[in-house]
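Q: Could you walk me through this model with me asking as we go?
A: Gladly; here it is.

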Amino acid sequence: MPWEDLKKICLSRVHHKPERKPLIKEREVELMDKQEWYASLFDRLGEYWAEIAEARSTEKEVEFIENAVRPKGLVLDLCCGTSRHSILLRAKGRKVIGLDLSPNLLRIAKRKMVLEGVSFPLIRAEMRFLPLKEEILAVVINMFTSFGYLPTEKEDMKSLREVARTLKRGGAFLIDVVNPEHLIQVFQKKDWAEFAHFYLLERRTLDPKRMRLFSQWIVLDKAGNKARTFDHNLRLYSLPQLREMLKKAGLAVKKTYGDYEEQRFRSVSPRLIVLAEKK
Ligand SMILES: C[S@@+](CC[C@H](N)C(=O)[O-])C[C@H]1O[C@@H](n2cnc3c(N)ncnc32)[C@H](O)[C@@H]1O
(Lines give C-alpha, C1' and ligand atoms only; values in the text may rest on other atoms or scores of the structure.)
Protein backbone atom coordinates (compact mmCIF):
# COMPACT_ATOMS: atom_id res chain seq x y z
CA MET A 1 0.00 0.00 0.00
CA PRO A 2 1.59 3.32 -1.01
CA TRP A 3 1.92 6.16 1.49
CA GLU A 4 -0.73 8.20 -0.34
CA ASP A 5 -3.29 5.45 0.37
CA LEU A 6 -2.26 5.34 4.00
CA LYS A 7 -3.09 9.03 4.27
CA LYS A 8 -6.69 8.20 3.33
CA ILE A 9 -7.10 5.84 6.25
CA CYS A 10 -5.23 7.81 8.92
CA LEU A 11 -6.84 10.35 11.21
CA SER A 12 -5.95 13.80 9.91
CA ARG A 13 -4.56 15.00 13.24
CA VAL A 14 -1.75 12.47 13.04
CA HIS A 15 -0.75 12.84 9.39
CA HIS A 16 3.00 12.76 9.01
CA LYS A 17 5.49 11.94 6.33
CA PRO A 18 6.68 8.38 6.96
CA GLU A 19 10.34 9.29 7.34
CA ARG A 20 9.62 12.11 9.70
CA LYS A 21 7.57 12.03 12.87
CA PRO A 22 5.96 8.76 13.88
CA LEU A 23 2.19 8.39 13.82
CA ILE A 24 1.65 8.57 17.51
CA LYS A 25 0.11 10.82 20.10
CA GLU A 26 3.48 12.09 21.20
CA ARG A 27 2.61 13.46 24.61
CA GLU A 28 0.80 10.37 25.81
CA VAL A 29 3.54 8.06 24.71
CA GLU A 30 6.30 10.22 26.11
CA LEU A 31 4.57 10.04 29.46
CA MET A 32 4.15 6.32 29.11
CA ASP A 33 7.73 5.78 28.03
CA LYS A 34 8.83 7.28 31.30
CA GLN A 35 6.42 5.39 33.48
CA GLU A 36 5.56 2.07 31.99
CA TRP A 37 7.86 -0.93 31.73
CA TYR A 38 6.15 -2.32 28.62
CA ALA A 39 6.89 0.81 26.64
CA SER A 40 10.58 0.04 26.73
CA LEU A 41 10.91 -3.71 27.38
CA PHE A 42 10.56 -4.92 23.80
CA ASP A 43 12.41 -1.89 22.50
CA ARG A 44 15.38 -2.62 24.76
CA LEU A 45 15.29 -6.30 23.81
CA GLY A 46 15.56 -5.22 20.14
CA GLU A 47 17.72 -7.75 18.25
CA TYR A 48 17.33 -10.28 21.08
CA TRP A 49 13.57 -10.16 20.65
CA ALA A 50 13.99 -10.46 16.88
CA GLU A 51 15.88 -13.73 17.44
CA ILE A 52 13.22 -15.02 19.85
CA ALA A 53 10.48 -14.16 17.35
CA GLU A 54 12.41 -15.70 14.44
CA ALA A 55 12.61 -19.00 16.33
CA ARG A 56 8.82 -19.28 16.08
CA SER A 57 7.06 -21.20 13.28
CA THR A 58 5.85 -18.07 11.55
CA GLU A 59 4.91 -19.94 8.33
CA LYS A 60 2.63 -22.23 10.35
CA GLU A 61 1.13 -19.29 12.26
CA VAL A 62 0.41 -17.40 9.04
CA GLU A 63 -1.18 -20.47 7.49
CA PHE A 64 -3.38 -20.63 10.57
CA ILE A 65 -4.26 -16.91 10.30
CA GLU A 66 -5.20 -17.30 6.63
CA ASN A 67 -7.43 -20.30 7.33
CA ALA A 68 -9.06 -18.64 10.33
CA VAL A 69 -9.85 -15.23 8.85
CA ARG A 70 -9.44 -15.53 5.07
CA PRO A 71 -8.49 -11.84 4.87
CA LYS A 72 -9.85 -10.00 1.83
CA GLY A 73 -9.44 -6.32 2.75
CA LEU A 74 -6.92 -4.36 4.77
CA VAL A 75 -5.24 -6.28 7.62
CA LEU A 76 -3.77 -4.52 10.67
CA ASP A 77 -1.00 -6.42 12.45
CA LEU A 78 -1.56 -4.85 15.87
CA CYS A 79 1.62 -4.96 18.00
CA CYS A 80 3.48 -6.34 15.00
CA GLY A 81 6.95 -6.34 16.59
CA THR A 82 9.33 -7.32 13.79
CA SER A 83 6.30 -7.73 11.50
CA ARG A 84 7.01 -11.40 10.93
CA HIS A 85 3.32 -12.16 10.29
CA SER A 86 2.53 -9.11 8.16
CA ILE A 87 5.65 -9.59 5.99
CA LEU A 88 4.53 -13.11 5.09
CA LEU A 89 0.92 -12.03 4.61
CA ARG A 90 2.12 -9.25 2.29
CA ALA A 91 4.28 -11.73 0.36
CA LYS A 92 1.08 -13.76 -0.14
CA GLY A 93 -0.59 -10.71 -1.65
CA ARG A 94 -2.52 -9.34 1.35
CA LYS A 95 -2.89 -5.61 1.98
CA VAL A 96 -1.33 -5.06 5.39
CA ILE A 97 -0.24 -2.41 7.88
CA GLY A 98 2.04 -3.08 10.83
CA LEU A 99 1.67 -1.10 14.06
CA ASP A 100 3.83 -1.22 17.16
CA LEU A 101 5.11 0.99 19.93
CA SER A 102 8.77 0.02 19.68
CA PRO A 103 10.90 2.10 17.27
CA ASN A 104 13.66 -0.49 17.48
CA LEU A 105 11.44 -3.39 16.46
CA LEU A 106 9.91 -1.29 13.68
CA ARG A 107 13.43 -0.57 12.40
CA ILE A 108 14.14 -4.31 12.37
CA ALA A 109 10.80 -4.87 10.60
CA LYS A 110 11.78 -2.34 7.93
CA ARG A 111 15.10 -4.10 7.40
CA LYS A 112 13.34 -7.46 7.06
CA MET A 113 10.84 -6.00 4.62
CA VAL A 114 13.68 -4.86 2.36
CA LEU A 115 15.33 -8.30 2.58
CA GLU A 116 12.05 -10.03 1.73
CA GLY A 117 11.30 -7.59 -1.10
CA VAL A 118 7.95 -6.45 0.27
CA SER A 119 6.69 -3.03 1.20
CA PHE A 120 3.83 -1.79 3.36
CA PRO A 121 3.29 0.95 5.96
CA LEU A 122 4.66 0.55 9.45
CA ILE A 123 3.15 2.84 12.04
CA ARG A 124 4.56 3.63 15.44
CA ALA A 125 1.56 4.00 17.69
CA GLU A 126 -0.01 3.00 20.97
CA MET A 127 -2.69 0.31 20.90
CA ARG A 128 -5.03 2.49 23.00
CA PHE A 129 -4.94 5.31 20.43
CA LEU A 130 -4.97 3.89 16.93
CA PRO A 131 -4.33 6.77 14.51
CA LEU A 132 -6.73 5.24 11.98
CA LYS A 133 -10.14 6.28 10.71
CA GLU A 134 -13.30 4.43 11.68
CA GLU A 135 -14.35 1.21 9.98
CA ILE A 136 -11.51 0.90 7.50
CA LEU A 137 -10.03 -2.48 8.45
CA ALA A 138 -11.20 -5.91 7.32
CA VAL A 139 -9.05 -7.79 9.81
CA VAL A 140 -7.02 -7.06 12.93
CA ILE A 141 -4.55 -9.65 14.19
CA ASN A 142 -2.91 -9.46 17.61
CA MET A 143 -0.44 -12.31 17.79
CA PHE A 144 1.80 -14.08 20.30
CA THR A 145 0.64 -12.56 23.58
CA SER A 146 0.52 -8.88 22.69
CA PHE A 147 -2.37 -8.16 25.04
CA GLY A 148 -2.37 -7.74 28.82
CA TYR A 149 0.62 -5.40 29.22
CA LEU A 150 -1.21 -2.14 29.82
CA PRO A 151 -1.35 -0.73 33.38
CA THR A 152 -4.98 -1.66 34.08
CA GLU A 153 -7.72 -3.89 32.70
CA LYS A 154 -9.54 -0.70 31.77
CA GLU A 155 -6.64 0.26 29.51
CA ASP A 156 -6.68 -3.19 27.86
CA MET A 157 -10.40 -2.59 27.30
CA LYS A 158 -9.57 0.71 25.63
CA SER A 159 -7.41 -1.06 23.07
CA LEU A 160 -10.25 -3.49 22.29
CA ARG A 161 -12.59 -0.54 21.73
CA GLU A 162 -10.03 0.88 19.29
CA VAL A 163 -10.01 -2.43 17.42
CA ALA A 164 -13.80 -2.33 17.21
CA ARG A 165 -13.80 1.33 16.13
CA THR A 166 -11.39 0.77 13.25
CA LEU A 167 -12.89 -2.54 12.03
CA LYS A 168 -15.59 -2.58 9.37
CA ARG A 169 -18.89 -4.21 10.26
CA GLY A 170 -18.41 -7.96 9.87
CA GLY A 171 -14.63 -7.46 10.16
CA ALA A 172 -12.56 -10.06 12.02
CA PHE A 173 -10.36 -9.76 15.09
CA LEU A 174 -7.96 -12.59 15.85
CA ILE A 175 -6.31 -12.44 19.26
CA ASP A 176 -3.73 -14.97 20.42
CA VAL A 177 -2.74 -15.08 24.10
CA VAL A 178 -1.45 -17.59 26.66
CA ASN A 179 -4.09 -19.91 28.12
CA PRO A 180 -3.85 -19.21 31.89
CA GLU A 181 -5.32 -22.60 32.84
CA HIS A 182 -2.61 -24.39 30.90
CA LEU A 183 0.06 -22.11 32.30
CA ILE A 184 -1.01 -23.00 35.86
CA GLN A 185 -0.92 -26.73 35.01
CA VAL A 186 2.58 -26.71 33.53
CA PHE A 187 4.04 -23.82 35.52
CA GLN A 188 7.83 -23.81 35.91
CA LYS A 189 9.57 -21.29 38.12
CA LYS A 190 12.76 -21.40 36.07
CA ASP A 191 13.53 -22.08 32.45
CA TRP A 192 16.23 -21.44 29.91
CA ALA A 193 16.68 -21.49 26.16
CA GLU A 194 19.58 -21.11 23.75
CA PHE A 195 19.47 -18.83 20.72
CA ALA A 196 22.15 -18.20 18.09
CA HIS A 197 23.69 -15.22 19.89
CA PHE A 198 22.55 -15.56 23.51
CA TYR A 199 21.12 -17.67 26.28
CA LEU A 200 17.81 -16.68 27.80
CA LEU A 201 17.25 -17.53 31.45
CA GLU A 202 13.78 -16.99 32.83
CA ARG A 203 12.56 -16.73 36.44
CA ARG A 204 8.78 -16.70 36.81
CA THR A 205 6.22 -15.97 39.49
CA LEU A 206 2.57 -16.69 38.93
CA ASP A 207 -0.18 -15.00 40.89
CA PRO A 208 -3.33 -16.96 39.97
CA LYS A 209 -5.58 -14.80 42.18
CA ARG A 210 -4.57 -11.59 40.44
CA MET A 211 -4.10 -13.41 37.13
CA ARG A 212 -0.58 -12.10 36.75
CA LEU A 213 2.60 -13.60 35.40
CA PHE A 214 5.81 -11.85 36.44
CA SER A 215 8.95 -12.94 34.65
CA GLN A 216 12.53 -11.86 34.82
CA TRP A 217 14.37 -12.49 31.58
CA ILE A 218 18.15 -12.62 31.85
CA VAL A 219 20.00 -12.41 28.57
CA LEU A 220 23.55 -13.80 28.49
CA ASP A 221 25.12 -12.68 25.24
CA LYS A 222 27.51 -15.25 23.76
CA ALA A 223 29.83 -12.40 22.78
CA GLY A 224 30.62 -12.15 26.48
CA ASN A 225 28.79 -8.89 27.15
CA LYS A 226 27.41 -8.32 30.62
CA ALA A 227 24.17 -10.15 31.46
CA ARG A 228 21.13 -7.94 30.95
CA THR A 229 17.91 -8.27 32.91
CA PHE A 230 14.42 -7.48 31.63
CA ASP A 231 11.25 -7.53 33.72
CA HIS A 232 8.05 -8.75 32.12
CA ASN A 233 4.65 -8.38 33.74
CA LEU A 234 1.61 -9.82 32.05
CA ARG A 235 -2.09 -9.73 32.92
CA LEU A 236 -3.66 -13.09 32.00
CA TYR A 237 -7.17 -13.47 30.66
CA SER A 238 -9.38 -16.55 30.67
CA LEU A 239 -11.80 -17.25 27.83
CA PRO A 240 -14.90 -16.07 29.78
CA GLN A 241 -13.14 -12.81 30.71
CA LEU A 242 -11.94 -12.18 27.19
CA ARG A 243 -15.37 -13.01 25.77
CA GLU A 244 -16.98 -10.49 28.12
CA MET A 245 -14.47 -7.75 27.27
CA LEU A 246 -14.83 -8.36 23.55
CA LYS A 247 -18.61 -8.23 23.90
CA LYS A 248 -18.39 -4.88 25.72
CA ALA A 249 -16.27 -3.55 22.87
CA GLY A 250 -18.85 -4.70 20.30
CA LEU A 251 -16.99 -7.81 19.15
CA ALA A 252 -18.76 -11.18 19.18
CA VAL A 253 -16.74 -14.37 19.64
CA LYS A 254 -17.17 -16.64 16.60
CA LYS A 255 -14.58 -19.34 17.19
CA THR A 256 -11.92 -20.34 19.68
CA TYR A 257 -8.73 -22.32 19.07
CA GLY A 258 -6.18 -23.86 21.40
CA ASP A 259 -3.16 -23.81 19.09
CA TYR A 260 -2.00 -23.01 15.56
CA GLU A 261 -3.05 -26.52 14.42
CA GLU A 262 -6.67 -25.32 14.54
CA GLN A 263 -7.53 -27.57 17.50
CA ARG A 264 -10.56 -26.30 19.35
CA PHE A 265 -9.85 -24.53 22.64
CA ARG A 266 -9.79 -26.71 25.79
CA SER A 267 -8.52 -26.10 29.33
CA VAL A 268 -5.29 -27.97 28.44
CA SER A 269 -4.63 -25.93 25.28
CA PRO A 270 -1.35 -23.99 25.31
CA ARG A 271 -2.84 -20.96 23.57
CA LEU A 272 -6.11 -19.12 23.83
CA ILE A 273 -6.85 -17.91 20.31
CA VAL A 274 -10.14 -16.12 19.77
CA LEU A 275 -11.73 -15.10 16.51
CA ALA A 276 -14.31 -12.34 17.02
CA GLU A 277 -16.47 -10.37 14.62
CA LYS A 278 -17.43 -6.71 14.70
CA LYS A 279 -21.20 -6.56 15.08
C1 LIG B 1 5.19 -10.39 22.60
S2 LIG B 1 5.57 -9.17 21.38
C3 LIG B 1 4.78 -9.84 19.94
C4 LIG B 1 5.20 -9.23 18.65
C5 LIG B 1 4.60 -9.84 17.37
N6 LIG B 1 3.16 -9.78 17.38
C7 LIG B 1 5.07 -11.25 17.16
O8 LIG B 1 4.24 -12.17 17.13
O9 LIG B 1 6.28 -11.46 16.96
C10 LIG B 1 4.53 -7.84 21.90
C11 LIG B 1 4.64 -6.61 21.06
O12 LIG B 1 3.69 -5.66 21.53
C13 LIG B 1 4.25 -4.35 21.46
N14 LIG B 1 3.54 -3.50 22.42
C15 LIG B 1 3.53 -3.62 23.78
N16 LIG B 1 2.74 -2.69 24.32
C17 LIG B 1 2.23 -1.96 23.28
C18 LIG B 1 1.33 -0.86 23.21
N19 LIG B 1 0.82 -0.34 24.31
N20 LIG B 1 1.01 -0.37 21.99
C21 LIG B 1 1.55 -0.92 20.86
N22 LIG B 1 2.41 -1.97 20.87
C23 LIG B 1 2.74 -2.48 22.07
C24 LIG B 1 5.71 -4.56 21.78
O25 LIG B 1 6.52 -3.50 21.34
C26 LIG B 1 5.98 -5.89 21.09
O27 LIG B 1 6.43 -5.69 19.78
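Q: Which residue stands opposite I218, and in which strand?
A: I218 stands opposite T229, which belongs to β9, in what is a predicted model, where local features need pLDDT of at least 70, side-chain atom pairs count only at pLDDT 80 or more, and totals for chains, interfaces and linings use all residues. Residues are numbered from 1 along each chain as its sequence is written.

Q: How many bridges join β8 to β9?
A: Eight bridges join β8 (residues 212–221) to β9, and these strands run antiparallel. Strands here are DSSP runs of E of at least two residues, helices are runs of H or I of at least four, both numbered from the N terminus, and two strands pair if DSSP finds at least two bridges between them.

Q: What sheet is that part of, and which strands stand at the edges?
A: It is an open sheet of four strands in the order β6-β7-β8-β9, with antiparallel pairing. β6 (190–194) and β9 (228–235) stand at the edges with a single partner strand each, so one side of each is left without a neighbour in the sheet. The twist averages 20° from one strand to the next, with axes being lines fitted to C-alpha atoms (for helices over the stretch in contact) and angles running from 0 to 180 degrees between N-to-C directions.

Q: Where is W217, and what does W217 touch?
A: W217 is in strand β8. Leaving out residues up to four places away in sequence, W217 touches L200, E202, F230 and H232, where contact means that C-beta atoms, placed from the backbone, lie within 7 Å. W217 counts as partly exposed because it has 19 C-beta neighbours inside 10 Å; the cut-offs are 20 or more other C-beta atoms within 10 Å for buried, 12 or fewer for exposed, and partly exposed in between.

Q: Switching topic, what is the order of the seven strands in the open sheet?
A: The order is β3-β2-β1-β4-β5-β11-β10, and the pairing is mixed. At its edges stand β3 (122–124) and β10, each with a single partner strand, so one side of each is left without a neighbour in the sheet.

Q: How do β5 and β11 pair?
A: Strand β5 (residues 167–178) and β11 pair in the antiparallel sense over seven bridges, and A172 has E277 of β11 as its bridge partner. On this sheet packs α5, which touches β4, β5 and β11, its direction making about 145° with that of β5. α10 also packs on the sheet, touching β10 and β11, and its direction makes about 150° with that of β10.

Q: Which residues of α10 are buried, and which are exposed?
A: In α10 (residues 239–249), L242, L246 and A249 are buried. They cover an arc of only 60° around the axis, which puts them on the same side of α10; that arc is taken from the directions from the helix axis to the C-beta atoms. On the other side of α10, P240 and K248 are exposed.

Q: And what covers those buried residues?
A: The cover includes α8 (153–166), β10 (251–257) and β11 (271–278). G250 follows α10 and has a positive phi, near 95°.

Q: How many residues of α6 are buried?
A: Seven of the eight residues in α6 (residues 84–91) are buried, so that helix is mostly covered. Among the elements covering them are α4 (47–54), α5 (58–69) and α7 (103–116).

Definitions and conventions:
Two residues are in contact if their C-beta atoms, placed from the backbone, lie within 7 Å.
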